[in-house]
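Thank you all for coming; I would like to walk you through one structure this morning, slowly and in a few steps. Please have the sequence and the model open as I speak.

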Amino acid sequence: MEFAILSDAFDKMESTRKRLELTQFLVELFEKTPNEVISKIVYLLQGKIRPDFEGIELGVAEKLAIRAISKSSGIPIKKINEIYQREGDLGHAASIILEQKTQTTFMVEDITVERVYETLLKIANLEGMRSQDMKMKYISSLLNDASPIEGKFILKILLGTLRLGVAENTVMDALAITFTKNKENRKFLQHAYNVSSDLGKVAEKISIEGIRGIKEFEIILFNPIRPMLADRIKSEEEAVIKFGKEFAAEYKLDGERVQIHIEGDKIVLFSRSLENISSYYPDIIEKIPKVIQAENVILEAEAVAINENTGEFLPFQELMHRRRKYKIEKAVTQYPITINFFDILFCNGNSCLEMNYKERRKKLEKIVKENEFAKHIPMIIVKNENDITEFLENSINEGSEGLMLKMLDKPYQAGSRGSHWLKLKREYQNELGDSLDLVVIGGYFGKGRRTGNYGTLLLATYDEDEDTFTSICKVGTGFTDESLDQLYQILNSKVTIKKNPRIDTEMEADVWFEPELVIEVVASEITISPIHKAAKNKIRKDTGLALRFPKFTGKIRIEKTVENASTNEEIITLYQGQKKVAHNKSLM
Ligand code: AMP
């Protein structure tokens, strides 16, 4: 197919932003497009050469493009820069330069879409020392044979500045009209796109097999499925109103969503935005195939950073340490994770999308064997607001963000923010106004860089009524190497064989200390806790209070006696103040 047909269509499309007109131009273009070229056209008109998840980028810098224009036109770089400055767009500048050239020379051969496409693909795949020179050669050879308008669009694609404003939906409308004469069929195309994330492939399928091929379109292993999303709700009450009698509640973990595709030894991980993120998680790649009992499978899970000593979930930010190209092994040991499975989309060659939630969860539990690293996301069936509140509090206390609520009898809706999943987050994430002075009562030995030190400490408030030290949190963040050393020196003289009877906790610890040392911490929130003893039974029967995301400030309060530490009365006041703030906020 002649590239001129495509560049003429691009030219028309550039002149409008109206969706109906764009659709019409696309229909005219698709009608002229042979089946074997349509996928390429669909990528190119979105300024791509392959679907996003393949991560292929052209990555041509302006400087290089200018050199290529100079080489093919014989015009000096300085002059090209001047025209570029004047026009403000390098593609446009190139078309002016090529215009001058075509008046003096003959074009050698027509260029085809196939040739442009293959050349772009080669450019994208070039690596290494001489790649810049090679890229320049490829570009200038295309420009040699290009008409001004073709040159303009070749450069725009190369530089990533082709912005025709055609949304995926518009492309699908045009495909439906061209190949079925009925725009309503868009919904079938949408489904095919949702399960493959590859619009080029969808276009090829409909052009060759018609609507029947699209209706039978199946999941392709190692093509990411566009994820199902959740609606936000504000309260437990809203959930019950929307979902009625009985539904699933899962922890909403604060990590990274990972779609895992596995077949035999091959495993690929995709992010929520369908980027291939396999290289950031060598631990998942290594450990997950061993726990899967299926020939091939597509699973969804949340990768969550954990405190290795306590198993507690850490916030999402901790995963950012893994976003590096080199020394990823170090990040893997320093910032360990667990992988928490919540859905199964494909198994042993068959789609699971049509199965309802209950069936999928059952299958998931059968296919994925749990161990230290791989878990099923905590889930219960809830029936009323109280059930939700209780599970929400547990989830928050363990470091999760809130709950995902899911209807039991509904399928997986790829690519849509349906109303079958709801998310309920704890809204008041206000920082506590004050820092707290807490008593160190227990310690846990550190791992990795913290070997030989206490990596995490168990802390307590002072209960004036009982004259006891009631546990309120573990703290494992905010320490520097020096402060860990210093604390180790101080605490070593306070180790006791038996827990001091004034310590009131149900937590276990590697070592117990005489309650003699006070340190300062800050936290994001005080939450209800079934495990800690601070202010137990004061807010609610059988529950105490705990700190969420506590962090050592660096201050060892050696000047303070333990009886001067923060008391349970103070904690209760802070907790109630925090609730008022949340309440007022919700009224605003
Ligand atoms: P949001 O990004 O606010 O729409 O929330 C959805 C995100 O929550 C997903 O993309 C996942 O990363 C994350 N998530 C955490 N736990 C779950 C869960 N149990 N089910 C589904 N998504 C979860």
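This is a predicted model: local features need pLDDT of at least 70, side-chain atom pairs count only at pLDDT 80 or more; totals for chains, interfaces and linings use all residues.

**A walk through the model**

Let me begin with a pair of strands: S3 and strand S5 (residues 296–305) run antiparallel and are joined by eight bridges, where two strands are said to pair if DSSP finds at least two bridges between them. Residues are numbered from 1 along each chain as its sequence is written, and side-chain values use heavy atoms, with hydrogens and water left out.

The strands and helices I name are DSSP runs numbered from the N terminus, with helices (H or I) of at least four residues and strands (E) of at least two. The protein chain has 19 helices and 21 strands, and its C-alpha atoms fill a box of roughly 95 × 55 × 50 Å along the principal axes. Of its 588 residues, 54% are buried; buried means under 20% relative accessible area, exposed over 50%, and partly exposed in between, with a 1.4 Å probe and protein chains only.

Returning to S3, which covers residues 256–263, seven of its eight residues are buried. Which residue of S5 is the bridge partner of His261? That partner is Ile298. S3 is also joined to strand S4 (residues 266–270), again antiparallel, by five bridges, and here Glu263 stands opposite Lys266. The hairpin of S3 and S4 has two residues between the strands, and Gly264 in this hairpin takes a positive phi near 55°.

Although Lys325 and Ser279 are 46 residues apart in sequence, their C-alpha atoms are 7.9 Å apart in space.

Now to the ligand, which is surrounded by 14 residues, the closest being Glu250, Arg272, Glu302, Lys406 and Lys423; a residue counts as near when one of its heavy atoms lies within 4 Å. By type, this shell divides into six nonpolar, no polar and eight charged residues, where Ala, Val, Leu, Ile, Met, Phe, Trp, Tyr, Cys and Pro count as nonpolar, Asp, Glu, Lys and Arg as charged, and the others, Gly among them, as polar.

A side-chain N or O atom of Arg272 is 2.4 Å from a ligand oxygen, for Glu302 the corresponding distance is 2.7 Å, and a polar side-chain atom of Lys423 lies 2.6 Å from an oxygen of the ligand. On its own the ligand has 490 Å² of accessible area, of which the protein covers 92%, by the Shrake-Rupley method with a 1.4 Å probe. The elements giving two or more residues to the shell are strand S2 (247–252), strand S10 (402–406) and strand S11 (417–425).

Finally, the cysteines: the structure holds zero disulfides, a disulfide being a pair of cysteine sulfur atoms within 2.5 Å. Cys347 counts as buried at 4% relative accessibility, and Cys352 is buried at 1%.

Key: A polar contact is a pair of N or O atoms within 3.5 Å; within protein, one must be able to donate a hydrogen and the other to accept it, and residues adjacent in sequence count only if both atoms are side-chain atoms.
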